[in-house]
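Colleague: I have a model open and some terms to check. Can you take me through them?

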Amino acid sequence: MNGPNRINGKLFGKYIVLLIVLISSLSGMAQTAVLRQVQLTVSSTDLSEDMSLSSTKNDELLLLIYKVENDSAVLKELVYDTAFVFDKDHKVIQLEWLGQENSKYLYFLLEMDSDKTSVQLDPALRVYYKEVLAAFNKRDYTGIEKYLGDEDVLVANYFTIPYEHVYKGVYKADKYHYSLSFIWKK
């Protein structure tokens with residue numbers, strides 16, 4: 001079987017390989033989640049620094065949102081970060097970002113007491129997020145300082161969209177009341 005049949009056999013084999021590659025590529029594309037607009041609202045009825053005599057009476061806040069893949073040791077993707085200030089006259093902010101349906105996220109709402117930025121805090125949170133969460137849940141302020149310095153964790157939690165939650169508490173002897181809402185934008 002030399003000649004045309006042998007060439008057709010080689011072509012047939014190449015077509016099969018090409019078809020397998022194409023099918024596997026398409027199935028991978030089907031599993032990729034589509035990004036959608038998320039409406040994010042952060043509001044407060046009681047700021048975390050309104051009782052301190054030495055503070056500005058404002059909450060200088062940093063919100064960091066990570067996509068959580070499985071139960072990995074390190075967070076891989078910071079999907080959103082923004083800094084903003086709440087004061088007695090401005091206690092609501094509405095933002096937008098892109099999220100994926102059925103994805104798990106983790107956010108940290110930090111009250112900033114230094115001049116650090118998200119670029120400086122992100123590496124520590126990516127690696128030590130479980131330790132920071134554990135220290136936050138135990139109200140272990142020195143445990144949080146070990147990883148974030150002077151920054152205060154006001155709220156930290158896992159979520160999937162849609163998500164709404166109200167947080168009331170006391171942090172370092174000052175009451176706070178925050179609510180966060182993540183909903184799909186229509």
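This is a predicted model: local features need pLDDT of at least 70, side-chain atom pairs count only at pLDDT 80 or more; totals for chains, interfaces and linings use all residues.

Colleague: What makes up the chain, in helices and strands?

Modeller: The chain has three helices and eight strands. Along the sequence they follow the pattern α-β-β-β-β-β-α-α-β-β-β.

Colleague: Why is Asp150 called partly exposed?

Modeller: Its relative accessibility is 48%. Buried means under 20%, and exposed means over 50%. The value for Asp150 lies in between, so Asp150 counts as partly exposed.

Colleague: Where is Asp150 found?

Modeller: Asp150 is in the loop between helix H3 (141-148) and strand S6 (152-159). Its C-alpha atom is 6.5 Å from that of Ser114, and the two residues are 36 apart along the chain.

Colleague: How do you know that S1 and S4 pair?

Modeller: Pairing takes at least two bridges between two strands. Strand S1 (residues 35-46) and S4 have nine bridges, so they count as paired. The sense is antiparallel. One example is Gln39, whose bridge partner in S4 is Glu96.

Colleague: Which strands form the open sheet, and in what order?

Modeller: Four strands form it, in the order S4-S1-S8-S7, with antiparallel pairing.

Colleague: What makes S4 and S7 edge strands?

Modeller: Strand S4 (92-100) and strand S7 (163-171) each pair on one side only. From one strand to the next, the twist averages 20°.

Colleague: How much of the chain counts as buried?

Modeller: Of its 186 residues, 39% count as buried. Each of those has under 20% relative accessible area.

Definitions and conventions: Residues are numbered from 1 along each chain as its sequence is written. Side-chain values use heavy atoms; hydrogens and water are left out. Helices (H or I, at least four residues) and strands (E, at least two) are DSSP runs, numbered from the N terminus. Axes are lines fitted to C-alpha atoms, for helices over the stretch in contact, and angles run from 0 to 180 degrees between N-to-C directions. Buried means under 20% relative accessible area, exposed over 50%, partly exposed in between (1.4 Å probe, protein chains only).
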